[in-house]
Amino acid sequence: MQLSKKNKGRVGATLCLITANLFTVTGLHAQDITDSTNNPSAQDSAESLNVYDQPASTPGTTTIDSAVLFYKEDGGRIQAIEPMVSLTHNTENDSVFSAKLTFDSLTGATPNGAAPWKSSQIFTSPTRQANGDDENEGSTGASGGTIVIDPITGQRTLEYTADAFMLPLDSGFVDQRTALDLGFTTPLTSGTKLSLGLNGSHERDYNSFSGRASIAQDFNNKTTTLSLGVNYEHDVSKPFFGTPTPFSVMSGDQKGPSQNKNVLSLIAGVTQVMTRNWLLQFNYSYGSVTGYQTDPYKILSVVDPTTGAPQTYLYESRPEKRTRHAFYAGSKLALGSYVTDLSARYYHDSWGINSITANMSEHIPIGDLMYIEPGVRYYHQSAADFFTYYLPSNVALPLYASADSRLDSFNAITLSLSGGYMINDQIELYAMVDAYRQSKAGQKDTLPGNNQDLKLYAGTNALSMMTGVKVKF
Amino acid sequence: MKKTIMTFGLFGLTILLGGCATVQPWERDVTARQSMQLNKNANFTSAHEHIYFSKEASAGGRSFDGGGCGCN
């Protein structure tokens, strides 16, 4: 695992920040330990006023938790509405049964991978068949689609136009997703817990199934918990026009059959009660992804090496194997009814992507029944080895290439505010709002020729809101 | 080899952390609070993980790194 000089600097800065925080909390904590040692069974009055200071575990109860997530990207890009409902039953002997149903409805425009140009560009829509029952048949303009009928074959193809100087967006993105998750946790012996789960999701062009098992063992008078888990996922990609051959020319033709992807994930972690008020967690996760990982809807511009003018558009190509490693450290420190949550993650994968994530939030009690939690998250990733904004026409095609902005190098900042309010012992209302902003990291590339005014970076900004209610009985 | 080092590292860390633990069972009141849970609000957590998985290249660390959707 290699870190670039720049990444070493970023990782170092993040670790320094986290270390400084941990030293701070350790220092503060020495005082807390003294207090609790003097009076071990008592809570000071400041710590027991807020309802969120009550124990989380409530054997013999059932909880229904329902929420709706609203997600909206700037510039008319993706919008999603995601209602979800879950049922959790805690038995008297500490077993937990859970079921969660989630429904996603997505619409909007998404970058198709092509580079912008100084005149308008016409693309074939990959997401909608131009058949007789298409709701956008015959429509143009705002919906972005025009049906073109081949005079010889009679084949109907839906086309859309990207305006000059604008990032090409496919505005025909429409999808629904339904997901069901089932979970079961039970104590095997004193200090040992087994968790099992199943998950399945269905989209019109994608299915996913997974099963998981994990075991957690307490040590050291239940102050240390070691956990190990495995998850196996099988996905089926069945794009509307079939799966295109890598680097084939964009077209509305029917393409290849469905493709599969398998993901084996392992996770190992330690959770440690450091002091009466302080929890630490360390995790390592490993993922091995094999099979079809190309985005069947994404294309690349092949451009004139001198002028940058687009000559044709090819479907992208990604490796069929990817190995992921992630290291996570989290800390929760209570001071009175306040809780400081800090976490950091380092990620590396075999596609050449390195990333760091740092998260900080503060649980602030408000009166007896409420809390708010402002938070900030920083994320940085390097680009995949095969990421490129375009392919010059005078160079032989590489083995792999993608212009997907999610594989680009970028920074992201999230500012969040969440909170909860206990109406009574049984009902909690909660909400959160997140502002997410991506920005290009490192040098900004340009097309060949004098094209500095064409912006190639396709990152996004988004606002998400969630509101929910939890009822316990 | 890496996995072996990782496994031994985690066990070593467990023993090391266990050695510095001074918290008695009757002092677990604070860590048992709702506000101290590692996954305090499951819907907040799942919404964040779903959004970040669909907009960023990284996954895993906090939990399994599968996505369960065609969004990435």
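How many residues of chain A are in contact with chain B, and how many of chain B with chain A? In this predicted model, 102 residues of chain A touch 58 residues of chain B, contact being heavy atoms within 4.5 Å. Residues are numbered from 1 along each chain as its sequence is written, while chains are lettered from A and ligands numbered from 1 in the order in which they are written. Local features need pLDDT of at least 70, side-chain atom pairs count only at pLDDT 80 or more, and totals for chains, interfaces and linings use all residues, with side-chain values taken from heavy atoms and with hydrogens and water left out.

The size of an interface is often given as the accessible area lost when the parts come together. Here, chains A and B bury about 6600 Å² between them, 57% of it from carbon and sulfur atoms; buried area is what two parts lose in accessible area (1.4 Å probe) on being put together, summed over both. On the chain A side, A:Arg276, A:Lys332 and A:Arg406 lose the most area to chain B, together 10% of what that side buries.

Five salt bridges run between chain A and chain B, each a side-chain nitrogen of Lys or Arg within 4 Å of a carboxyl oxygen of Asp or Glu. B:Lys55 pairs in this way with A:Glu73, with 2.7 Å between the closest N and O atoms. There are also 32 residue pairs in polar contact between chain A and chain B (both at pLDDT 80 or more). A polar contact here is a pair of N or O atoms within 3.5 Å; within protein, one must be able to donate a hydrogen and the other to accept it, and residues adjacent in sequence count only if both atoms are side-chain atoms. Strand β11(A) gives the largest share of the side of chain A that touches chain B, twelve residues. Strands (E, at least two residues) and helices (H or I, at least four) are DSSP runs, numbered from the N terminus.

A:Ser355 shows one of these links up close. This serine sits in strand β17 (residues 354-366) of chain A, and its side chain makes a polar contact of 2.7 Å with that of B:Ser58. A:Ser355 counts as buried because its relative accessibility is 2%, where buried means under 20% relative accessible area, exposed over 50% and partly exposed in between (1.4 Å probe, protein chains only). Beyond its neighbours within four places in sequence, A:Ser355 has contacts including A:Arg345, A:Tyr379 and B:Ser58.

Over all chains, the structure holds 18 salt bridges. Side chains of opposite charge can pair when their charged atoms come close. A:Lys261 pairs with A:Asp235, the closest N and O atoms lying 3.9 Å apart. This pair links distant parts of the chain, 26 residues apart, with A:Lys261 in strand β11 (residues 259-275) and A:Asp235 in strand β10 (residues 224-237). Both A:Lys261 and A:Asp235 are buried. In another bridge, A:Lys440 comes within reach of A:Asp408, with 2.7 Å between the closest N and O atoms. A:Lys440 lies in strand β21 (residues 427-440), and A:Asp408, 32 residues apart from it, in the loop between β19 (391-392) and β20 (410-422). A:Lys440 counts as buried because its relative accessibility is 14%, and A:Asp408 is buried too, at 1%. Shared partners join A:Asp295, A:Lys298, A:Glu316, A:Arg318, A:Asp404 and A:Arg406 into one salt-bridge network.
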